[in-house]
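The following exercises concern the sequence and model shown below.

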Amino acid sequence: MSKERYIEAKQRWAEKQVTKGVRPRAVASRDRLPPGQKLTTGFPVLDLGVQPEIPPGEWTLTLDGLVENPVRLSWAEFNALPPAEDVSDFHCVTTWSKYDCRWGGVAFTTLYALVRPKPVARFVYFTGYDGYSTNVPLAACLDDDVLIATSFDGKPLPREHGGPARGIIPKLYAWKGAKFVRSLTFLADDKPGFWEVRGYSNTADPWKEERYA
Ligand SMILES: Nc1nc2c(c(=O)[nH]1)N[C@H]1C(S)=C(S)[C@@H](COP(=O)(O)O)O[C@H]1N2
Ligand SMILES: [Mo]
């Protein structure tokens, strides 16, 4: 190995350690549990009564709407994008929270750079293969902990938790993370999703207890 390659490798390793170090997530504390939430060690499943089975050969992720470069990615194309991993807490509006969820997949920011949203795009509308939908301000999606996740705890995302791929937006209640995700549409105007039209909060900040509108 040349000296340069060695230094590059060491540098990448050091960067990884820093990445780990900036995410200290050791002990449960009251500061960590949003108001009205209870910690669970299990992983409840919430869906619309259907868990669509999408064979990898048929799975696509469409990114369209107000973007310069709309794309429809196959499973292979999606998985060829730079991988991302993040550990975050998961807060469901039905009052359970789960700490230290290790999600792997592709960072929203990677997809953002790929499709290049037009300046007028301010909202993202996520659709699932089960007909689910949810809406999120684009600004909220640009956090570095927002992923389209395809793995949980280092293993392929189980179907009951939204596999092959789901949205994860840790800073909002979990209904904003579309399971079985099929498309992301960039919009100028907000368009309420499945639960949002049924009285759930549009903004969904667990720290402000924005549960229902
Ligand atoms: N496609 C789809 N995504 C969905 C849902 C759904 O019914 N369909 N439920 C939402 C709700 S209300 C919650 S709390 C989380 C639950 O994720 P989990 O089943 O992995 O715990 O998924 C969200 N994403
Ligand atoms: Mo939920």
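How do the residues of the lining of the largest cavity divide into nonpolar, polar and charged?

**Solution 1.** This is a predicted model, in which local features need pLDDT of at least 70 and side-chain atom pairs count only at pLDDT 80 or more, while totals for chains, interfaces and linings use all residues. Residues are numbered from 1 along each chain as its sequence is written, chains are lettered from A and ligands numbered from 1 in the order in which they are written, and side-chain values use heavy atoms, with hydrogens and water left out.

Step 1: On a 1 Å grid over the protein atoms alone, a cavity is a set of points where a 1.4 Å probe fits but cannot get out, and lining residues have an atom within 4 Å of a point. A volume is the space filled by probe spheres set on the points, which are joined across faces, edges and corners.

Step 2: locate the cavity. The largest cavity has a volume of about 90 Å³. Its lining has 15 residues, with Phe90, Ile169, Pro170, Leu172 and Ala174 closest to the centre. E4 and E10 are the elements that give two or more residues to this lining, and the largest share, four residues, comes from E4.

Step 3: classify. The lining comprises eight nonpolar, four polar and three charged residues. Here Ala, Val, Leu, Ile, Met, Phe, Trp, Tyr, Cys and Pro count as nonpolar, Asp, Glu, Lys and Arg as charged, and the others, Gly among them, as polar.

**Exercise 1.** Characterise the largest pocket by volume and lining.

**Solution 2.** A pocket is an open set of points with protein on both sides within 12 Å along at least five of seven lines. The largest pocket holds about 360 Å³ of space. Of its 23 lining residues, Leu46, Asp47, Tyr132, Trp175 and Trp195 lie nearest the centre. By class, 16 are nonpolar, three polar and four charged.

**Exercise 2.** Is Thr134 buried or exposed, and with which side chain does the side chain of Thr134 make a polar contact?

**Solution 3.** Step 1: Thr134 belongs to strand E7 (residues 133–137); strands (E, at least two residues) are DSSP runs, numbered from the N terminus.

Step 1: Thr134 is buried, because its relative accessible area is 0%. The cut-offs are under 20% for buried and over 50% for exposed, with partly exposed in between (1.4 Å probe, protein chains only).

Step 2: the partner is the side chain of Glu196, at 2.8 Å. A polar contact is a pair of N or O atoms within 3.5 Å; within protein, one must be able to donate a hydrogen and the other to accept it, and residues adjacent in sequence count only if both atoms are side-chain atoms.

**Exercise 3.** Which residues have a positive phi although they are not glycine, and which peptide bond is cis?

**Solution 4.** Step 1: most residues other than glycine have a negative phi, and most peptide bonds are trans.

Step 1: Thr95, in the loop between strand E4 (84–91) and strand E5 (96–107), has a phi of about 85 degrees. Thr95 counts as partly exposed because its relative accessible area is 24%.

Step 2: Asp153, in the loop between strand E8 (147–152) and E9, has a phi of about 55 degrees. With a relative accessible area of 39%, Asp153 is also partly exposed.

Step 3: the bond from Gly163 to Pro164 is cis, with omega near 10 degrees. Pro164 is in the loop between strand E9 (155–156) and strand E10 (166–168).
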